[in-house]
Amino acid sequence: MIEIIQADITTLEVDAIVNAANSSLLGGGGVDGAIHRAAGPELLAHNKTLGGCNVGEVKLAPGFELPAKWIILTVGPVWRGGNEDEADLLSNCYVNSLELALTKSCQHVAFPAISTGIYGYPVEAAAKIAINAMKNYENKFERIIACCFSENDVEIYKKLLS
Ligand code: ADP
């Protein structure tokens, strides 16, 4: 089942939350900053051992001080107008995160709206890609959660899902 909620993703008691990180994995603004603050300094220490992450790919970290068990680290594409493979790269973020979650037997996974903040991806186009990937994996999980930060994003996701 796909669930659309408005929440701070760091508060969710789920098997895994996904972080929209940057390729250094060493912290940044937006949801990444919030996750680092809430997970505590062990996350940065762990991530320093990972050697970064390419766009569309994923790495794994424990949840540390978060209620979530795992943090799936992925790097969304920066929006450059739409002709730089952004859609495929963004789709890879969702698919690779869900595949990694399956290998850890996660049943509940929550995603932020990857790339739609600082990275500038238009929300509706990004949400379409998110929902498509989630639908393809819906029957492999109890719950896939689209964790929106704004009410406006919730409306967009709900419209696309229905
Ligand atoms: P990116 O660099 O991939 O664009 P951002 O963190 O700037 O990542 O934004 C991605 C989305 O995460 C945006 O919709 C932003 O509003 C949202 N966001 C920011 N903080 C949180 C949070 N604590 N929980 C959930 N979503 C958040």
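Residues are classed as buried under 20% relative accessible area, as exposed over 50%, and as partly exposed in between, with a 1.4 Å probe and protein chains only. By this criterion N83, at 76% relative accessibility, counts as exposed. The structure is a predicted model, in which local features need pLDDT of at least 70 and side-chain atom pairs count only at pLDDT 80 or more, whereas totals for chains, interfaces and linings use all residues. Residues are numbered from 1 along each chain as its sequence is written, and side-chain values use heavy atoms, with hydrogens and water left out.

The ligand sits in the largest pocket. A pocket is here an open set of points, on a 1 Å grid over the protein atoms alone, where a 1.4 Å probe fits and protein lies on both sides within 12 Å along at least five of seven lines; a molecule sits in a pocket if more than half of its atoms lie within 2 Å of the grid points. The ligand is surrounded by 15 residues, of which D8, V31, S115, G117 and I118 are the closest; a residue belongs to these surroundings if one of its heavy atoms lies within 4 Å of the ligand. Helix 1 (residues 30-39) supplies the largest share of this shell, namely three residues. Helices (H or I, at least four residues) and strands (E, at least two) are DSSP runs, numbered from the N terminus. By residue class, the shell comprises nine nonpolar, four polar and two charged residues. In this scheme Ala, Val, Leu, Ile, Met, Phe, Trp, Tyr, Cys and Pro are nonpolar, Asp, Glu, Lys and Arg are charged, and the others, Gly among them, are polar.

A nitrogen atom of the ligand lies 2.9 Å from a backbone N or O atom of I9. On the oxygen side, a polar backbone atom of G117 is 2.9 Å from a ligand oxygen atom, and a polar backbone atom of Y119 is 3.0 Å from an oxygen atom of the ligand. Of the 570 Å² of accessible area that the ligand has on its own, the protein covers 89%, as computed by the Shrake-Rupley method with a 1.4 Å probe.

Two residues other than glycine adopt positive phi values. For L25, phi is near 65°; this residue is found in the loop between strand 2 (16-21) and helix 1. L25 is classed as buried because its relative accessible area is 1%. For F64, phi is near 50°, and the residue is placed in the loop between strand 3 (58-62) and strand 4 (70-75). F64 has a relative accessible area of 29% and is therefore partly exposed.

N83 lies in the loop between strand 4 and helix 3, and its C-alpha atom is separated by 13 Å from that of A125, 42 residues apart along the chain. A87, in helix 3 (residues 86-103), is partly exposed because its relative accessible area is 37%. The C-alpha atoms of A87 and C53 are 18 Å apart, with the two residues 34 residues apart along the chain. E155 lies in helix 5 (residues 151-161) and, at 49% relative accessibility, counts as partly exposed. E155 and I4 are 151 residues apart in sequence, yet their C-alpha atoms are separated by 9.3 Å.

Definitions and conventions
A polar contact is a pair of N or O atoms within 3.5 Å; within protein, one must be able to donate a hydrogen and the other to accept it, and residues adjacent in sequence count only if both atoms are side-chain atoms. On a 1 Å grid over the protein atoms alone, a cavity is a set of points where a 1.4 Å probe fits but cannot get out, and a pocket is an open set with protein on both sides within 12 Å along at least five of seven lines; lining residues have an atom within 4 Å of a point.
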